[in-house]
Amino acid sequence: MSTASPRFIQEPARSIPVSAEYDVLVVGGGPSGLTAALAAAEDGLRVGLIESRSFVGGNMTIGLPVLGFLGQKGNQIIDGLPQKFIERLRRERQGASEHRPCPLHMGITLVEPEAVKTVALEMLTEAGVDVLFYTFFAGALVENDTIRGVITESKSGRTAILAKVVIDCSGDADVAYSAGVPTEKGNAEGGMQPPTLMFCLAGVDTDALRLSIANAPPAARTYLTDFIPAEYFGQNHQFIVVGMRELMAKAKAERGLQIPNERTIIITGLKKGEVWINMTRVKGTDGTDARSLTKGEIEGRAQIDDIVTYLVNYVPGFEKAYFTKTAPFLGIRETRRILGQYVMTQEDVLACKHFDDAIAVASYPIDIHRPADDGCTLIWCGDCYDIPYRSLVPQKIGNLLVAGRSISATHEAMGAIRVMATCMAMGEAAGRAAKISVRGNRAPAEIDIEELRRQQLEHGVYLRNPDGTRAGPSNRAAA
Ligand SMILES: Cc1cc2nc3c(=O)[nH]c(=O)nc-3n(C[C@H](O)[C@H](O)[C@H](O)COP(=O)(O)OP(=O)(O)OC[C@H]3O[C@@H](n4cnc5c(N)ncnc54)[C@H](O)[C@@H]3O)c2cc1C
């Protein structure tokens, strides 16, 4: 790799073909992009979705459970399209679990990555969304603070796609950044949560694992978990283990293992004996930089052998476990966040704040894998907090919306809103807002928020009354 100062060459101007034209274009087919496209297409608009990979689902395909459906008081606080998606996964492919309560994560919904890819694509296709895979967003076409469309790069070369409204669901705010929307990265020092290369083991006796935690005598608990009482594991056969700090420290000391994580994190899969491991950690990676991403993939992969050695030799139930696969890509927790019409803060989350322009309700705690060390910060608010529409509306560009982990929020608030049920809920709101914008011929920032909230309720979205109860039960029954 050259360390010399960058050289530049002039790229000649050229004409590129317009390959498609839509009412609404969604960039990125992860949890937020999927629901954004479905909502935007619900009454017949022409909707396109471009995705750089060969499948939709984003991080929902890397072995993670969906967190965020259940709130801190145990009730379900994400409904609407995300719920319909999970129900269809479960009904048609046995591809999702119930929303299972968890003392640390509030709610866990296990999903099968291959089923996610299939069902999400089926739903998009049935809704008439024009999905284009292998197509990378390469630049925004902006005139007078209006985005006219995007430039894409693919095997077909460089083409333009035009749209009346664009929804940026890239996770990295790629479109917003390219369009000149101000963005931020990381905490006050610029540190971003580290990524993880997820991997999968089979042959695990998950009952032996959970019962070893549940049945250890209280006075001599060897397999201590963080925030999750041991008794929980006696009753739940699908679970996440977080902790076992002493055990891992022992393994590191005895075997000289290099594991840059303080905590053991094991997620049961839907298939018997299968678990996903969320323990590699590559500090200092910038998910918007190809060289840094490559380094992250290399380091993440190099960490796997020591983690497997630890699990197989120290953790109950792993005696016959064997490695099967890595996730299809390095999981990126944090990159850019836009500056929008409102910036959500830690104070908003911890005060369980109500907003007049709420388009979704969330409850996942602030959960920050700290950028500079091997630990994690977790803070619960005790109930739910609203996501305001204004945090999906960027500064500067009138006809652009952003949904998913890169909305307008501080590093701390992003640590809470980043989970996938919440991202799906934001996507649904952005898609519906884009639809209202196109139908009413008004910029997304100018639409009638009450109309958006009314349509959200009609479609079964969970919103709160000022007293905290669920809003619009009659509409919900009809939806
Ligand atoms: C290791 C790890 C563990 C996590 N654990 C959990 C968990 O247990 N449960 C949970 O709910 N959440 C978890 N999260 C958080 C959650 O996965 C993400 O915050 C969430 O998926 C973000 O959704 P999104 O739609 O914004 O982006 P993504 O899921 O990242 O989807 C973005 C999509 O856009 C596409 N894309 C990106 N750039 C371009 C481009 N330029 N052109 C075309 N397409 C593009 C990508 O290919 C991708 O499909 C975890 C995250 C990580 C990394």
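# Close-up views of a predicted model

**View 1. Leu 201 stands opposite Val 275 in S14.** The model shown here is predicted, so that local features need pLDDT of at least 70 and side-chain atom pairs count only at pLDDT 80 or more, while totals for chains, interfaces and linings use all residues. Residues are numbered from 1 along each chain as its sequence is written. Strand S11, residues 199–202, and strand S14, residues 275–277, pair in the antiparallel sense over three bridges; two strands are said to pair if DSSP finds at least two bridges between them. The names of helices (H or I, at least four residues) and strands (E, at least two) refer to DSSP runs, numbered from the N terminus.

**View 2. An open sheet of five strands surrounds this pair, in the order S12-S13-S14-S11-S15.** The pairing within the sheet is antiparallel. At its edges are strand S12 (240–243) and strand S15 (322–326), each of which pairs on one side only. Neighbouring strands of this sheet are turned by 25° against each other on average, direction ignored, where the axes are lines fitted to C-alpha atoms (for helices over the stretch in contact) and angles run from 0 to 180 degrees between N-to-C directions.

**View 3. Val 315 lies in the loop between helix H8 (290–314) and S15.** With 22 C-beta neighbours inside 10 Å, Val 315 counts as buried; a residue is buried if 20 or more other C-beta atoms, placed from the backbone, lie within 10 Å of its own, exposed if 12 or fewer, and partly exposed in between. When residues up to four places away in sequence are not counted, Val 315 touches Leu 209, Met 244, Leu 247 and Thr 264, a contact being two C-beta atoms, placed from the backbone, within 7 Å. Val 315 and Ala 40 are 275 residues apart along the chain, and their C-alpha atoms are separated by 47 Å.

**View 4. The shell around the ligand holds 37 residues, of which Gly 28, Gly 30, Gly 58, Gly 331 and Gly 404 come nearest.** A residue is near a molecule or strand if its C-beta atom, placed from the backbone, lies within 6 Å of it. At least two residues of the shell are supplied by each of helix H1 (31–40), strand S3 (66–67), strand S7 (136–143) and helix H11 (420–440), and H1 gives the most, with three residues. The shell divides into 15 nonpolar, 15 polar and seven charged residues, where Ala, Val, Leu, Ile, Met, Phe, Trp, Tyr, Cys and Pro count as nonpolar, Asp, Glu, Lys and Arg as charged, and the others, Gly among them, as polar.

**View 5. Strand S7 is joined to strand S8 (residues 146–154) by seven bridges, and the two run antiparallel.** Phe 137 stands opposite Thr 152 in S8. The hairpin of S7 and S8 has two residues between the strands, and there Asn 144 takes a positive phi near 50°. Asp 145 lies in the loop between S7 and S8 and has a phi near 60°, a positive value in a residue other than glycine. With 15 other C-beta atoms within 10 Å, Asp 145 is partly exposed. Tyr 134 is partly exposed, having 14 other C-beta atoms within 10 Å.

**View 6. S8 also pairs with strand S9 (residues 157–168), in the antiparallel sense and over six bridges.** The hairpin that joins S8 to S9 passes through two residues. Gly 149 has Leu 162, in S9, as its bridge partner.

**View 7. Strand S17 (residues 358–362) is mostly covered, as five of its five residues are buried.** S17 pairs with strand S20 (residues 385–388) in the antiparallel sense over four bridges. Ala 360 stands opposite Ile 387 in S20.

View 8. Taken along the principal axes, the C-alpha atoms fill a box of roughly 65 × 65 × 40 Å. Of the 479 residues, 49% count as buried. Among contacts between residues at least 6 apart in sequence, 72% join residues at least 24 apart.
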